[in-house]
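Confidence, helix packing and the contact between the chains follow.

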Amino acid sequence: MHDGRPLRFTASMTNLAQNIAAVLAPARERGGRLGLAWTTLARIGGVTLAVLIVGLFFEIRTHGQLLISDNILTILRGLSTTAIMGFGLTVVIVAAEIDLSFAAVYGLSTNIVAVLWLTHGFPIYVAILIAFVAAILVGVFNAFFTSVVKIPSFIATLGSSTLVFGLTLWIGQTQNLSYQYPPTGQTVAHGQVTFFRNLGSGALPGKFPEQGIWALVLLVVFSLLLTRTLFGFRLKAIGGSRAAAEVVRLPVKKYTFLAFAICACTACLAGLLDFSFVGTAGPNDGSVYLFPVFAAVIIGGASLAGGKGSAIGTMMGALLLAVLANGVALIAAGPFASQLLLGTVTVGAVVIDRLTSRQRSLT
Amino acid sequence: MTAAPGVSMRGVVKRYGDTVALNGLDLDAAPGEILGVAGPNGAGKSTMVKILAGEVPRDEGDIYVDGRPWSDEYGSNRVAVVHQEPQLFPNLTVAENVIAGFEDRGWQWPKLGEPHQALFAQLGIGRHRDRLVGELGLAVQQRTEIVRALARDARVMLFDEPNSALTPDESADFFRLIRQLAESGCVVMLISHRLTELAANSDRVAVILDGRCVRVLEGAERTPVNIAETLVRGLGGTPAGEGTAGGRSAAADASALELVELSDRLAAFRSLDFSVPRGAVTALIGVEGSGAREIVRACGGLRRVHGRILVDGREVRPAQLHRHVSYVAADRAASLFGNLSVGENLVIRMDREISRGALGLRPRRMRMIAERLRTEFQVKSASIDIGIRSLSGGNQQKVAIAAAVGAKPQVLVLEEPTRGVDISSKAEIYEILRGFAADGGTVLLFCTEVPEVYEVADRLHVVSDGRLSAPLEVAAFGDMEALAKGVAALETHGAALRSA
């Protein structure tokens with residue numbers, strides 16, 4: 001009747017458009033864009049409230065310095081690395097697993113790219129590809145020991161985290177490498193430097209941080225993945241009850257592999273974007289992100305028991321941490337203050353979320 | 001209000017959001033008697049238990065104990081609940097479970113006292129005392145719970161389907177035990193779906209419908225038929241007890257599911273040859289440990305086996321079995337996802353129906369399918385968006401079965417499909433299974449109760465020692481008594497008759 005291809009293409013595009021519209025307006029039937037945004041925010045009530053409170057506090061303390069546009073863009077850049085890795089971790093946590101190795105994967109990817117590209121003269125494209133392959137292998141390693149050997153993922157990824165860190169030190173020989181100032185005797189093609197710099201720190205109109213674009217695009221991608229795909233639907237079910245997933249014969253193993261691979265890939269991407277922005281790769285890359293990323297995901301409403309979590313929640317969690325870090329820096333309160341506040345806010349946001357969600361789910 | 005001894009509830013109301021769980025419940029229970037409580041799932045029995053045990057607060061109404069107002073503290077200290085699904089610590093021993101929370105040795109690792117030892121002996125679980133609860137069968141777990149309640153020196157004892165997993169002999173012992181409890185001055189309430197037992201073992205039977213006590217049957221009135229009639233009249237259905245075995249076609253010929261030389265890796269059964277005909281309901285009946293449950297699970301692809309499984313004549317690997325066979329577990333928690341809504345649970349087994357490829361889930365279509373299944377299978381829920389946990393047990397089971405049928409399998413495999421389900425839901429579930437078979441589907445059940453087999457199955461195999469009897473045609477038995485005798489004969493002389 002019809003020659004399927006173009007038709008199917010348009011159909012899938014309309015479908016995609018519908019899906020995007022559905023994500024951006026998840027409760028259309030309840031009417032009004034505003035009502036919509038409100039229900040979405042209410043769903044992640046605790047963290048929204050915390051962002052508002054913390055934001056308001058620093059806005060007053062800094063006499064309006066927090067919300068000038070330059071600073072807002074700084075905050076956006078600050079949250080993007082946490083958010084990007086947080087999206088991947090959210091996927092793993094929704095499946096009721098834990099990944100402690102993403103921070104190490106971040107470091108592995110920057111070191112692989114730096115060494116292959118800068119000291120061995122590989123083209124940057126090949127180096128990036130190899131970094132992603134390595135990240136996926138770490139994800140497969142985690143998933144294998146979690147779902148096939150059936151070791152708790154906490155243990156499996158604690159082990160793989162250390163393994164990967166060791167590997168990173170070996171590959172990078174514990175040196176710092178910069179692509180603006182390549183090691184002596186090495187030359188790097190100018191085009192490749194431009195390409196790599198443009199990945200994470202390209203010049204955009206209005207000084208808009210490119211990493212922020214990555215974070216916003218991935219927010220949409222992961223929202224779709226978690227709420228509008230069969231993968232997301234079944235992943236939520238698997239995380240909710242492993243026993244029922246076995247009875248209903250959901251593809252638990254396959255999804256565990258995918259979840260860990262996705263998490264490792266987001267860590268790899270975050271590492272490369274930071275490398276592109278900062279310019280150097282070193283042995284300790286990534287290690288500082290372990291706690292903030294976890295905090296962002298948990299603050300964002302994901303449950304370590306599994307079956308619960310959203311990309312927008314994680315984004316809000318990352319936003320809260322970024323506002324906090326930025327605000328503390330602006331009032332120059334000293335390093336202890338940000339740690340004290342981070343701890344307080346992490347517990348506080350989860351408590352508020354618990355209180356607000358108790359009223360929503362009865363019995 | 002009343003100075004009478006015992007527990008009096010007056011106009012107790014409990015609401016969960018828009019759902020009214022208790023709607024002005026009036027009920028009296030005196031010490032020395034056993035008060036039976038009957039009611040369909042969702043009638044408010046569990047809510048009543050929770051309120052008395054101080055687990056949830058009531059919204060309105062008064063409760064008196066021996067004429068004095070009831071308090072939360074009294075509820076949590078002197079009211080003991082023995083649950084349908086044991087609520088124990090699987091990682092502690094039986095003895096540790098009994099004393100956990102009531103340790104009396106200060107900071108030391110607790111030890112079992114003398115009086116408790118006697119209780120263990122009384123309930124016949126003394127030899128399991130130092131074993132981990134998680135390793136023991138459901139029957140022993142429930143006895144552990146009973147011991148725990150007794151050890152608490154409770155004044156009010158609520159038994160919520162306490163003997164659903166006990167053998168007939170054990171049940172008889174159990175009822176003697178609660179009679180002794182009642183005579184020693186406890187207020188005893190027995191909540192059960194088994195009407196015969198209720199009638200035989202309680203002094204009065206209260207029937208609860210829609211959150212109210214509609215009738216209390218006493219003396220000669222409390223017969224299973226009267227209880228069933230009260231229950232069913234309130235629900236506007238026909239009693240499930242009136243069998244349909246007569247008008248049943250035995251046109252089942254082609255085998256839809258065949259097991260060839262199938263052996264269980266854990267040796268629950270060995271080189272089994274078994275075929276299940278299409279268009280009929282086939283039941284396996286057998287006591288715990290007979291292998292019947294394991295055979296049914298193997299058909300659901302949930303056990304590691306050697307041998308071949310054929311669906312419609314074609315061999316299917318266990319990993320692919322779920323494309324042809326939908327399996328529903330006995331334990332509802334193992335068939336449903338507590339974090340998903342009713343609607344999501346209804347469509348969780350589908351793939352192509354709700355999604356274009358692996359991406360592109362179709363939310364509107366999911367809702368449509370879920371709404372259709374909810375209506376078709378008469379699931380009582382305010383909407384498909386509410387959490388599955390807010391439904392009553394019977395309705396949860398209907399959701400589990402609806403989801404399995406909705407996946408359009410060739411074969412439907414169920415393990416104890418109506419465990420802990422009220423009689424009106426039971427009747428509806430039987431109707432669903434019969435309808436599925438009538439439409440050309442194949443149904444395989446594991447049952448433990450003859451009435452259930454009589455009610456729903458066309459043919460039956462008795463399983464003992466991992467072996468199947470020759471098939472019995474249910475229609476060939478005139479009534480349930482005859483069928484029960486036939487089953488009992490096969491269970492005792494299973495091996496001998498099998499070869500005949």
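## A helix across a sheet in chain B

In chain B, helix α9 (residues 292-299) lies across β11, β12 and β14, and its direction is at about 115° to that of β11(B). The model is a predicted one. An open sheet of 4 strands in chain B, paired in the antiparallel sense, has the order β12-β11-β14-β15. The edges are taken by β12 (272-277) and β15 (314-315) of chain B; each has a single partner strand, so one side of each is left without a neighbour in the sheet.

Within this sheet, β11 (residues 255-264) and β14 (residues 305-311) of chain B are antiparallel and share 6 bridges. Asp264(B) has Val305(B), in β14(B), as its bridge partner.

Strand β1 (residues 7-16) of chain B is joined by 5 bridges to strand β4 (residues 60-65) of chain B, and the two run antiparallel. Here Ser8(B) has Tyr64(B), in β4(B), as its bridge partner.

β4(B) also runs antiparallel to strand β5 (residues 68-69) of chain B, to which 2 bridges join it. Val65(B) is bridged to Arg68(B) of β5(B). These two strands, β4(B) and β5(B), form a hairpin with 2 residues between them, and in the turn Asp66(B) has a positive phi of about 50°.

## Overall make-up of the chains

Chain B has 500 residues, of which 50% count as buried. Its secondary structure consists of 16 helices and 21 strands. Among the contacts in chain B with a separation of 6 or more, 70% are between residues 24 or more positions apart.

Chain A contains 15 helices and 2 strands. Buried residues account for 46% of its 363 residues. For contacts in chain A with a separation of 6 or more, the share from residues 24 or more positions apart is 77%.

## Confidence in chain A

The average pLDDT of chain A is 84, and 84% of the residues score at least 70. Residues 16-33 of chain A have a pLDDT below 50; this stretch has 20 contacts in the model beyond near neighbours in sequence. Over residues 359-363 of chain A the pLDDT also stays under 50, and the model has 7 contacts beyond four places in sequence for them.

Helix α10 (residues 230-240) of chain A is mostly covered, with 10 of its 11 residues buried. Among the buried residues of α10(A) are Phe231(A), Phe233(A), Leu235(A) and Ile238(A), along with Arg234(A) and Lys236(A). The cover over the buried residues of α10(A) includes α4 (69-94), α9 (210-227), α11 (242-248) and α12 (252-278) of chain A.

Helix α12(A) also packs with helix α8 (residues 190-201) of chain A: their axes come within 7 Å and cross at roughly 110°. α8(A) is therefore roughly perpendicular to α12(A). On α8(A) the contact is made by Phe196(A), Arg197(A), Leu199(A), Gly200(A) and Ser201(A), and on α12(A) by Leu272(A), Leu273(A), Asp274(A), Ser276(A) and Phe277(A). By class, the residues of this contact between α8(A) and α12(A) are 5 nonpolar, 3 polar and 2 charged.

## Contact between the chains

Chain A contributes 22 residues to the contact between the chains, and chain B contributes 29 residues. The side of chain B that touches chain A is made up of 15 nonpolar, 10 polar and 4 charged residues.

Conventions:
Residues numbered from 1 in each chain as written. Chains lettered and ligands numbered in written order. Predicted model: local features only at pLDDT ≥ 70, side-chain atom pairs only at ≥ 80, totals over all residues. Contact = placed C-beta atoms within 7 Å. Nonpolar A, V, L, I, M, F, W, Y, C, P; charged D, E, K, R; others polar. pLDDT = per-residue confidence, 0-100. Buried ≥ 20, exposed ≤ 12 C-beta atoms within 10 Å, placed from the backbone. Pairing = 2+ DSSP bridges. Axes fitted to C-alpha atoms, helices over the stretch in contact; angles between N-to-C directions. Parallel < 35°, antiparallel > 145°, perpendicular 65-115°, else oblique.
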